[in-house]
Amino acid sequence: MSEKSDITDQNTLEFAIFCIENVALKLGIRACDLYIQLSDGSDILDNYIIPEYDVLHTQSKDYIVDDIISLMKKRGELL
């Protein structure tokens, strides 16, 4: 796995939490379980959600959630 991205500001932190909570809600799983999966079991949090904050946060909630789930499916990382 690649090096972890650092969250350097509150907006990025809040966005990461927003993504985790909303994807977990759509998948019907606990947010803490999804966080573990996205941070320890894959590189989606550190190498997609955080670095792409500037682009992703301008999209709708549904787009963001569906995009992350689609990436998880593509990589075979759905719970």
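Helices here are DSSP runs of H or I of at least four residues, numbered from the N terminus. The model is predicted, so I note that local features need pLDDT of at least 70 and side-chain atom pairs pLDDT 80 or more, while totals for chains, interfaces and linings use all residues. Residues are numbered from 1 along each chain as its sequence is written, and side-chain values use heavy atoms, with hydrogens and water left out.

I then checked the other end of helix 1. Asp 9 caps the N-terminal end, a side-chain oxygen lying 3.0 Å from the backbone nitrogen of Asn 11.

I looked up burial (under 20% relative accessible area, 1.4 Å probe, protein chains only). Buried residues of helix 1 include Phe 15, Cys 19, Ile 20 and Val 23. The buried residues of this helix pack against helix 2, helix 3, helix 4 and helix 5.

I took the pair of helix 1 and helix 5 next. Their axes (lines fitted to C-alpha atoms over the stretch in contact, angles from 0 to 180 degrees between N-to-C directions) come within 9 Å and cross at roughly 75°. That makes the two helices roughly perpendicular (65 to 115 degrees). Contact means heavy atoms within 4.5 Å; among the residues making it are Phe 15 and Phe 18 of helix 1 and Ile 64 and Ile 68 of helix 5.

Conventions
Buried means under 20% relative accessible area, exposed over 50%, partly exposed in between (1.4 Å probe, protein chains only). A polar contact is a pair of N or O atoms within 3.5 Å; within protein, one must be able to donate a hydrogen and the other to accept it, and residues adjacent in sequence count only if both atoms are side-chain atoms. Angles under 35 degrees count as roughly parallel, over 145 as roughly antiparallel, 65 to 115 as roughly perpendicular and the rest as oblique.
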